[in-house]
Amino acid sequence: MDWKKLSDLVLEGGRVMPEQALAILESPDAQLLEVLQGAYRIRRKYFGNSVSLHLLRNVKSGKCPEDCAFCSQSTSAINDVKRYDMQTVESIVEGAQAAVDRNAKRYCVVSSTRAPSPNELETICEAAVQIKRKHPQLEICSSLGLLTEEKALKLKAAGVNRFNHNLETSENYFPAVVTTHDFEDRVNTAKIVKKVGLDLCCGGLFGMGESLQDRVDLAFALAELDVDSVPVNFLDPRPGTPFHGKSNPLTPNDCLRALAMIRFVIPRTEVRIAGGRETTLRAIQPLALYPANSMFTAGYLTTGGQDYETDKRMIEDAGFQIEIPA
Ligand code: SF4
C-alpha cells in the first residue's frame, strides 16, 4: 500500500475503505514511519501541531453495577480501588483548578455508574454552572453512563459542553466484554448526545482479545456516529478484573497503528491518547502525537500516569505545542 497516496485521498476529501483500514493495522513494522507520516499529514491539516490536554476527575469511584471485564470500578471487581459516592459540588468545582493549572482544555468529570440518578445529575449540573462562572474558558466533559434525552438536555443547559460514552469495542466483540448492557444501549446514548447538541466523545479500548477486524469495525461505527472526539485506550489489565492476567497482545507499534487507523478513518476528529498510554507505548509515546492531537495528563481514573511537567516536556521536545485555552 502507498501510504502517502492514501493520505492524499483523505486530504482531498475521500474516504478510507474498511479493507484499507485493515491494511494499516496489518502493515509491517518496516512501514510504520510511512504510515505515521500519512496520519500526520492529515492531523497537521486539521489540528496543526497542537495538543489539547484533558484532566480527569473520578467523581464517584468503584460503585458501578455493570460488568465491563476491563474495569476496576465495577462492583464485581475484587480489588482495593477506592469506593466512594458522588463527591460534593464544592469538591468537583475545586477540582477544576487542577485542570486550569495544567493548561487543560477540558475538565472531564467521570462517574462509575450505569446511569446518573436525579441527585447525581443535579450535583453535576450545579458544579458545571459554578465551574463555568469561575473558569469560563474551561470546557467541561461529563461521563455518567447511559443517558435519556431529558438528562442530556439538563446537562447542556447547565453548561456541560461534551459527554463521553465509549463504544469500547466492535458490536461483534462487545458480548465478550460486557453482559449487563448491549452495544445498542451505548449507541443509543451516543445518538442522544448528538441529538441534543452536546459534543460526543466516544472511543474504545484495544488489547482485550479483539481481532484487527473488530478494531476496524469499531472505527467505522464511530465514524457513523459522527463523533467529535475519540479517546483511544489500551488495556492495562487491572487486578481483580476478569481481564487481569490476560496477556496484553499489543506491542507499542500496534498502538501506533491503531491510532493511525483511527486518524485515517475519522480524519477531522479529535483523537486522544487515553488510558494505558504509558504502559503500552512506553519509550515511544511521543510518536503517538503524530496521529493523535490530544491526550489526558496527570493520570487516569484509578491509575496514575505521567505527570504534567513530564507530559509538557515530551510534547515540546517532540516539536508540538500545548493548545492553551483562550
Ligand atoms: S459502565 Fe463504565 S464504570 Fe461501569 S463497569 Fe463499565 S466501564 Fe466501568
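Two residues are in contact here if their C-beta atoms, placed from the backbone, lie within 7 Å. Some notes on the fold follow.

1. **Ground rules.** This is a predicted model, in which local features need pLDDT of at least 70, side-chain atom pairs count only at pLDDT 80 or more, and totals for chains, interfaces and linings use all residues. Residues are numbered from 1 along each chain as its sequence is written.

2. **D67 and its contacts.** Let's start with D67, in the loop between β1 (50-60) and α4. Helices (H or I, at least four residues) and strands (E, at least two) are DSSP runs, numbered from the N terminus. Leaving out residues up to four places away in sequence, D67 touches S74, S76, V178, T179 and T180. The T180 pairing spans 113 residues of sequence, yet the C-alpha atoms of D67 and T180 are 6.1 Å apart. D67 counts as partly exposed because it has 17 C-beta neighbours inside 10 Å. On that scale a residue is buried if 20 or more other C-beta atoms lie within 10 Å of its own, exposed if 12 or fewer, and partly exposed in between, with C-beta atoms placed from the backbone.

3. **Overall build.** The protein has 11 helices and 10 strands. Its C-alpha trace spans about 55 × 40 × 35 Å along the principal axes. With 326 residues, a compact globule would have a radius of gyration near 20 Å, and the protein has 19 Å, so the two agree. That radius is taken over C-alpha atoms, and the globule rule is 2.2 Å times the number of residues to the power 0.38. Buried residues make up 50% of the 326. Of the contacts with a separation of 6 or more, 78% come from residues 24 or more positions apart.

4. **The core.** The largest nonpolar core has 96 residues, and those with the most contacts inside it are F163, L259, I262 and F264. Helix α9 (residues 252-265) gives the most to this core, with nine residues. By nonpolar core I mean a set of buried Ala, Val, Leu, Ile, Met, Phe, Trp, Tyr and Cys residues joined through C-beta atoms within 7 Å. Not counting residues up to four places away in sequence, F264 touches L6, V10, V16, A21, I24, A39 and I42. In soluble globular proteins, nonpolar side chains tend to be buried together.

5. **Helix α5.** In α5, L121, T123, I124, C125, A127, A128 and I131 are buried. The buried residues of α5 pack against α4 (89-101), β2 (106-111), β3 (139-143) and α6 (149-158).

6. **The ligand shell.** Around the ligand sit C64, E66, C68, C71, Q73, S74, S112 and G145. A residue is near a molecule if its C-beta atom, placed from the backbone, lies within 6 Å of it. By class, the shell has three nonpolar, four polar and one charged residues. Here Ala, Val, Leu, Ile, Met, Phe, Trp, Tyr, Cys and Pro count as nonpolar, Asp, Glu, Lys and Arg as charged, and the others, Gly among them, as polar. S74 belongs to this shell and is also one of the residues that D67 touches.

7. **Positive phi values.** Most residues other than glycine have a negative phi. N103, which is not a glycine, has a positive phi of about 55°. N103 is found in the loop between α4 and β2 and is partly exposed, with 17 other C-beta atoms within 10 Å. A298 also has a positive phi, near 65°. A298 lies in the loop between β9 (294-296) and α11 (308-317) and is buried, with 21 other C-beta atoms within 10 Å.

8. R268, in the loop between α9 and β8 (270-273), counts as exposed because it has 11 C-beta neighbours inside 10 Å. R268 and R43 are 225 residues apart along the chain, with their C-alpha atoms separated by 7.7 Å. K246 sits in the loop between β7 (229-234) and α9. K246 and R43 are 203 residues apart in sequence and 33 Å apart in space, C-alpha to C-alpha. Leaving aside neighbours within four places in sequence, K246 is in contact with G209 and P237.
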